[in-house]
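Colleague: Could you walk me through this model, starting wherever you like?
Modeller: Gladly; here it is.

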Amino acid sequence: MKIGMMSFAHMHAYSYADSVMKLPNVELFGIYDDNVERGKKAAEMYKTDYFDNQDSFLAAEMDAVIICSENNRHKEMVVKAARAKKHILCEKPIATTVEDAEEMISVCEEEAVLLQTAFPVRFSAPILQLKNMIDDGELGDIVAFRTTNRGQNPGGWFIDEDQSGGGAVLDHTVHMVDIMRWYLGEEVKEVHAIVDSYFHSIDIDDAGILTMEFENGVIASHDASWSRFSEYPMWGDVTIEVIGTQKTVKADAFKEHFRLFASERRSLSHVFYGNDMDYGLIKDFVDCVEKKREPSITGRDGLKALEVALAAYESSRLKKSVNL
């Protein structure tokens, strides 16, 4: 199978490309990036061809593409890739507006190509273990969730609203909304949020607190932020606490680490040794393409998570709950 990369604007592109290189039955066909310096450097790193023209890239013979562009370019690239009959893995958030996400899903259905949303947290071993416990009935009925996704400010285009579509709340809400939907099999019906910039002098949100209610009455809270400073021992956290009628269980996607002390700027580091969730995502995507099965994480999954994040901004602006 031949897979191409479209843009290395998002840092996840590197771990996704690393994962492609690990699969014996997959070839990293080439890299398209309109940033010539970045694209050429990536192509040299992965010993593949660089393309500076998107149409020429998509006209080449390959099976699928992985899109890691700025958020506001997801729609353009997904639609063009679908028209070129390429299967697609698109970085989250799937789009910056609900209308764009709906069009992307529609075009992919029309062209009969797969559209998978990049939510690698589903492939974290602790997150998967908790999912199995829920499915086996160990927790009883789920009553509530508490979730967090707190990391460092990525800077660059992430803090330019025209390109990102939103700050920390958009960046760090969609992952955990997806996990909660996956665990529960229900949709969020109401969102209340407070969103602002608390940790940095930037013109975009760097933190938000969300409370949600699902259609079956389950309640949830989510703490999304870019609150971790550069010297923090690790990038951040991705946690979920599931409160059931029989058990309460908490999982942390980055808890599997050892502590490293050194005489450096960061004296303490948490070195992760758990399973590679990005590799799990890429391996699953390749399996979907090979077996022509529906993606494990669909475009609609990306859309539903996006709806909640955008509702959080609306709720904060209106200072009241928003119904979905």
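**Talking through the model**

Modeller: Val-289 has its place in helix 9, where helices (H or I, at least four residues) and strands (E, at least two) are DSSP runs, numbered from the N terminus. This is a predicted model, in which local features need pLDDT of at least 70 and side-chain atom pairs count only at pLDDT 80 or more, while totals for chains, interfaces and linings use all residues. Residues are numbered from 1 along each chain as its sequence is written, and side-chain values use heavy atoms, with hydrogens and water left out.

Colleague: Is Val-289 buried or exposed?
Modeller: Val-289 counts as buried because its relative accessibility is 8%; buried means under 20% relative accessible area, exposed over 50%, and partly exposed in between, with a 1.4 Å probe and protein chains only.

Colleague: What does Val-289 touch?
Modeller: Not counting residues up to four places away in sequence, Val-289 touches Met-1, Ala-64, His-87 and Leu-114, contact being heavy atoms within 4.5 Å. Val-289 also lies 9.2 Å from Ile-88, C-alpha to C-alpha, although 201 residues separate the two in sequence.

Colleague: Switching to the sheet, what is the strand order?
Modeller: The open sheet is formed by 6 strands in the order 3-2-1-4-5-6, with parallel pairing; two strands pair if DSSP finds at least two bridges between them. Strand 3 (49–51) and strand 6 are the edge strands, each pairing on one side only, and the twist from one strand to the next averages 25°.

Colleague: How many bridges join strand 5 to strand 6?
Modeller: There are 4 bridges between these parallel strands, and Cys-90 has Thr-117 in strand 6 as its bridge partner.

Colleague: And which strands does helix 1 lie across?
Modeller: Helix 1 lies across strand 1, strand 2, strand 4, strand 5 and strand 6, and runs at about 155° to strand 2; axes are lines fitted to C-alpha atoms, for helices over the stretch in contact, and angles run from 0 to 180 degrees between N-to-C directions.

Colleague: Which residues of helix 1 are buried?
Modeller: In helix 1 (residues 12–22) they are Ala-13, Tyr-16, Ala-17, Ser-19 and Val-20. They cover an arc of only 155° around the axis, so they sit on the same side of helix 1, the arc being that of the directions from the helix axis to the C-beta atoms. Their cover includes strand 4 (64–67), strand 5 (87–91) and helix 9 (277–291).

Colleague: What about helix 2, which residues are buried there?
Modeller: Arg-38, Gly-39, Ala-42 and Ala-43 are the buried residues of helix 2 (residues 36–45), and because their arc is only 130° around the axis, they are on the same side of helix 2. The face turned away from that buried side carries the exposed residues Glu-37, Lys-40, Lys-41 and Glu-44, whereas what covers the buried residues includes helix 1, strand 2 and strand 3.

Colleague: What is the phi of Lys-47?
Modeller: Lys-47, which follows helix 2, has a positive phi, near 55°.

Colleague: One more residue: why does Lys-304 count as buried?
Modeller: Lys-304 counts as buried because its relative accessibility is 18%. Lys-304 has its place in helix 10 (residues 299–318) and, leaving aside neighbours within four places in sequence, is in contact with Arg-181 and Glu-187.
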